[in-house]
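Good morning, and thank you for coming. I shall present one model today, taking the chains in turn. Please look at the display first.

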Amino acid sequence: MSNRKYRVTMLIGCLAFIATAVALVLIAFEDSVVFFFTPTELQSKQINPERRIRVGGLVEDGSTQRGPSDAEIRFKVTDGNTSLTIRYIGILPDLFREGQGVVAQGYLHNAVFQADEVLAKHDETYMPRNLATAIK
Amino acid sequence: MIVELGHMALVIALVVSVFQTIIPLYGTACQQPRLISFACPAAIVQFTALVLSFGSLINAFVASDFSVANVVDNSSSLKPMLYKVAGVWGNHEGSMLLWVLILSFFGASVAIFGANLPEILRARVIAIQGLIGASFLTFIIFTSNPFVRMIPAPIDGRGLNPLLQDIGLALHPPILYLGYVGLSTTFSFAVAALLEGRVSRSWARWVRPWILAAWVALTAGITLGSIWSYYELGWGGWWFWDPVENASFMPWLVATALLHSVIVLEKRNALKRWTVLLALVAFAFSLLGTFLVRSGVLTSVHSFAVDSQRGIFMLVLLSVTIVGSLFLYAWRAPAIESSEIFFFISREGALITNNLFMITGATTVLIGTIYPLFLESISGEKISVGPPFFESTFVPLMVPLILAVGVGPFLTWKRDNLVIVVKNVFFATVCLFMVFVFLWGVPIGAMFGLALAVWLMLSVLTEWAHRVRLFRVSLFSSLSRALVLPRSAYGMSIAHFGLAVFIFGAVGNNFYSTEVVRYASPGEKIKIAGHTLTFQSVNAGKGVNYDSYVGKFVMENGQVIESERRFFPIEGQQTTEVGLCIRPLGDIYTVLGEAVARNKWTIRIYYNAFVVWIWIGSFLMSLGGLLSFLDSRLRIRLQGSCAIIR
């Protein structure tokens, strides 16, 4: 094989490789990007119950209830206008407190948000990124 | 007083670093040996000044000098001594000071241990180190000064985030920084080579120990960080694809690519421009990491906006470095002559494959990490990119890479025959299929991943056996061959074996871990992954600066696992101390949640399969790098360098 031909083959190989990688990235974005909403935004939107989303807001005072079954917790988050009930099974993060900001990740079923992950603010000066803008 | 001395030393370091940049560069430009020889002493003086400065900050923390704002914000008199010291780098200002301290450490190391380098190259490397140092020292003095006084001084400090009061966090940042900042040296070498307009095989030999040093520290640092998050955060996982983790992982990927391409440069005098470019990119990634973590842009746009001075300063620094070095590259790289033809089936072919996959991998991680930031700043749409993204992009890219890792070391340079190679890995491949058959019926990913890990282990061992001609000559002569194999050969084998162990652990962990979350009262039994734990009791306890509840779990063999919930009154924060029973097949990991009723607690128990192999594999990789670093063949003297000094 001549040098030139060899280089061209190598180049095509590399391009094909990069194209594969780009395709992988795009497909992955389609499936795995998680959008963030505030409870008010959720009201006006039709969200596919199969779609994983994030919801953020402040935990409403006095809204935390423990369910009868295993480690089930219900609480409400609010953005000042609308509140949304969140159901979560598990141990809440150490920094979870009423009146503080949280972000929950999960699925919306019939106006109840089934969270599989709850993130609380990291320290006194930290607020989940999306929340800071949501509350303002 | 001591604080003022430290502050002064910091300013002196800045002044010295400016001279350290200008004088040697001017000296090399107009060939003045006296100006060139200014570089080494300047680097050592800068390092000494920063040691004094950092020492005085440590002193302020140890002595709990609450007239210093940084101590007030991050320490308290009640804190245990170890964490008073670790608190120095547990905050923004202190950790930036540690960053430049390590930067100047590398500059001084080049001055002290670089006797084998040509004078001009060394002077340029030190000058570039000085330039980076000068920028960061300016950043510290004007936006993040740790020596700012607080008057009147409060009686006690606000304490350190309890999550950071841990031995893992005392060790993790300095070691990680050694790696991060160590890449500055390779960056400086690359810039010096571009200024010189030539890259030689000797250059590859000179720069390789510095790449290895940075890589070893980076690997160990990331591993320590992963271990820390595993037992301190209480989420049961070991890697979350969190932006902060990615920030350290991206430079690692590029540094790994660099580590391999520089071998091609050394052995085949090829891939010159590419290697130089990688050296520039590796440091750009580590600056990007520093920017992401330190500017506050990740934790919240909010904090970025409040303290935009820092973020913007770093962004400018980052852009100037990237644009400047790429400009220099575009201008000077064509001067570096390089013409090599590669054949895919050859050692260099395998190493290039490594580079291709590592860089593509780094790019996908980069996209996943910064795309949400871009999208939010442009369209205001808020998204998060989590583990599923990285698992479906990064992980598939690693599969062909692993094949290349297994096959590559068997290949000869220049051109090899695929048939011979296939013969070489035949045994390992047969075993691969046996593992397949053995694991038939388990999830396909687990089957594939575990088999690949086993295949890699076997091919690494086979390669070693080839080197010592095991079973082909007498056992004794094999043994004597094994003893004289160069350290770098062992380094490679151990690092690759470590990778295999890591993959084994990571895949196994992904597929065989389970968890149980429930309410439980003391006395109840909990079944998980074939084990039965008894939730025995919860007692109140007290630590130096916290109160706690200690939950006791007992394994069926009588082993006690204790898990704590701590409350830190000074910081007003709660933390979870995980209970761990480490086993080769899988850790039992217990978390005590809050009390839901009298004598009823939420508990969460994880069975984290094979997790210990993840750490062992990572440390083996680091150890392999260390062995290569210690290879005496890399310590060549001034041989062949006369040709470089023009």
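This is a predicted model: local features need pLDDT of at least 70, side-chain atom pairs count only at pLDDT 80 or more; totals for chains, interfaces and linings use all residues.

How many helices and strands are there in chain A? Chain A has three helices and seven strands, where helices (H or I, at least four residues) and strands (E, at least two) are DSSP runs numbered from the N terminus. Residues are numbered from 1 along each chain as its sequence is written, and chains are lettered from A and ligands numbered from 1 in the order in which they are written.

Read from the N terminus, the order of elements in chain A is α-β-α-β-β-β-β-β-β-α. Strand E6 (residues 101-109) of chain A pairs in the antiparallel sense with strand E2 (residues 53-59) of chain A over six bridges; two strands pair if DSSP finds at least two bridges between them. Within that pairing, A:Ile53 has A:Gly106 in E6(A) as its bridge partner. E6(A) also pairs with strand E7 (residues 112-120) of chain A, again in the antiparallel sense, over eight bridges. Here A:His109 is bridged to A:Val112 in E7(A). The hairpin of E6(A) and E7(A) has two residues between the strands, and A:Asn110 takes a positive phi near 45° there.

Of the 136 residues of chain A, 31% are buried. Buried means that 20 or more other C-beta atoms lie within 10 Å of the residue's own; exposed means 12 or fewer, and partly exposed lies in between, with C-beta atoms placed from the backbone.

I turn to chain B. Chain B has 21 helices and ten strands, and 51% of its 646 residues are buried. Its radius of gyration, taken over C-alpha atoms, is 26 Å, which agrees with the value near 26 Å for a compact globule of 646 residues. The globule rule is 2.2 Å times the number of residues to the power 0.38.

Which residues touch the most other members of the largest nonpolar core? They are B:Val254 and B:Ala255, in a core of 195 residues. A nonpolar core is a set of buried Ala, Val, Leu, Ile, Met, Phe, Trp, Tyr and Cys residues joined through C-beta atoms within 7 Å. Helix H9 (residues 201-232) of chain B gives the most to this core, with 16 residues. Apart from it lies another core, of 19 residues, including A:Phe37 and A:Leu108.

Next, helix H14 (residues 347-379) of chain B. Its 33 residues reach 47 Å from first C-alpha to last, close to the 48 Å expected at 1.5 Å a residue; the expected span is 1.5 Å times one less than the number of residues. H14(B) has a kink of about 40° at B:Ile370, shortly before the proline B:Pro372, the bend being the angle between axes fitted to the seven residues ending there and the seven starting there. Just after H14(B), B:Gly380 has a positive phi of about 80°.

Finally, some backbone details. The peptide bond joining B:Ile151 and B:Pro152 is cis, with omega about 0°, and B:Pro152 is in the loop between helix H7 (119-143) and helix H8 (167-196) of chain B. B:Lys414 is not a glycine, yet has a positive phi of about 70°. B:Lys414 counts as partly exposed because it has 14 C-beta neighbours inside 10 Å.
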